[in-house]
Amino acid sequence: MSSGADREPERPVSTPPSGQRVWQTDMLTDLFQDPLDGGYTDAARARRERGPLPSATRWTRRGFTVVVCAVIGVLLAVAYLQVVARAPARATTRTELIKDINRRDADTDKLDQRAESLQDEVNGLREQALDDTAIGRLRELEAATGLRKVTGDGVVVTLSDGPNAGTERLARILDLDLQLVTNALWASGAEAISVNGRRLTSVTPIRTAGSAILIGNAHIIGPYQVAAIGPSDMADRFNDTGTADTYRKLRDDKRLELGFDVDEKDDLELPAAVMPRLQFAHVPQPSPSGTPTPSTSPSGGGK
């Protein structure tokens with residue numbers, strides 16, 4: 001097989017002032033006409049001129065190859081045995097972690113129920129000490145701040161991860177998505193909102209901790225249902241927002257296919273939020289005369 005240097009020149013590149021033509025081969029033509037690299041031809045020629053290698057050299061090379069393959073095989077076998085040996089311990093640890101998580105979730109649910117029961121008891125005792133006018137005003141304030149259960153007609157916005165959420169981050173519902181939807185519902189006239197049964201207040205954060213989404217301190221999983229109670233035209237006003245339009249586009253995007261649905265619901269029931277920890281109010285201390293005196297806040301104002 002001839003090399004590229006043996007072929008006739010293929011096309012002129014330029015004509016120098018002396019009038020002598022300079023030729024250059026075309027790379028693609030050279031590749032198709034002579035696909036074998038010239039180095040292989042040179043190596044074959046050198047091997048023919050040199051003759052076969054001595055038997056000792058050949059056996060040395062073969063022995064070295066066998067030793068290297070044996071060492072690699074031993075290393076792979078040792079690694080496999082270590083993985084197999086550690087598998088039961090990892091499985092046991094994982095099982096214990098799952099049990100611990102489930103146990104702590106159950107304890108959290110019990111504490112939430114206990115907190116709600118105590119809150120209902122506090123509300124009952126407080127209303128016994130107030131007149132009807134004060135009770136009505138208190139109930140309105142508690143409903144507005146999220147500290148009382150409310151019922152009414154409203155909207156449920158359902159968000160869910162796309163089918164390829166495992167590989168595509170944008171196909172996952174994030175805390176930012178829930179923040180945008182709840183803000184759009186507030187702007188559309190919502191009077192009370194809950195996410196997966198967790199009531200929102202003015203101090204309830206929606207945030208991410210690791211790979212989980214938290215409403216306050218409660219871990220929630222998808223699909224995410226954002227329920228809102230408000231005026232009769234709230235669904236139309238929400239659908240006209242830029243947020244709803246963005247998530248409709250994400251739902252129709254074949255690469256993401258996020259779940260996004262807006263449904264009008266009658267007789268929604270949103271639970272009360274757990275009463276937040278008070279920052280300034282304290283239990284009043286009885287005075288020497290027997291009547292309680294109000295405690296003071298750190299700034300000196302009475303609470």
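Biologist: Which backbone oxygen does the side chain of Thr 182 reach?

Modeller: Quick caveats: this is a predicted model, where local features need pLDDT of at least 70, side-chain atom pairs count only at pLDDT 80 or more, and totals for chains, interfaces and linings use all residues. Residues are numbered from 1 along each chain as its sequence is written, and side-chain values use heavy atoms, with hydrogens and water left out. Thr 182 lies in helix α5 (residues 175-187). At 2.9 Å, its side chain reaches the backbone oxygen of Gln 179.

Biologist: Is Thr 182 buried or exposed?

Modeller: Buried means under 20% relative accessible area, exposed over 50%, and partly exposed in between (1.4 Å probe, protein chains only). Thr 182 has a relative accessible area of 4%, so the residue is buried.

Biologist: And Asp 263, what is its relative accessible area?

Modeller: Asp 263 sits in strand β10 (residues 259-270). This residue counts as partly exposed, because its relative accessible area is 35%.

Biologist: Which helix is Arg 61 in?

Modeller: Helices here are DSSP runs (H or I, at least four residues), and strands are too (E, at least two), numbered from the N terminus. Arg 61 counts as exposed, because its relative accessibility is 53%. Its place is in helix α3 (residues 55-128).

How values were computed:
A polar contact is a pair of N or O atoms within 3.5 Å; within protein, one must be able to donate a hydrogen and the other to accept it, and residues adjacent in sequence count only if both atoms are side-chain atoms.
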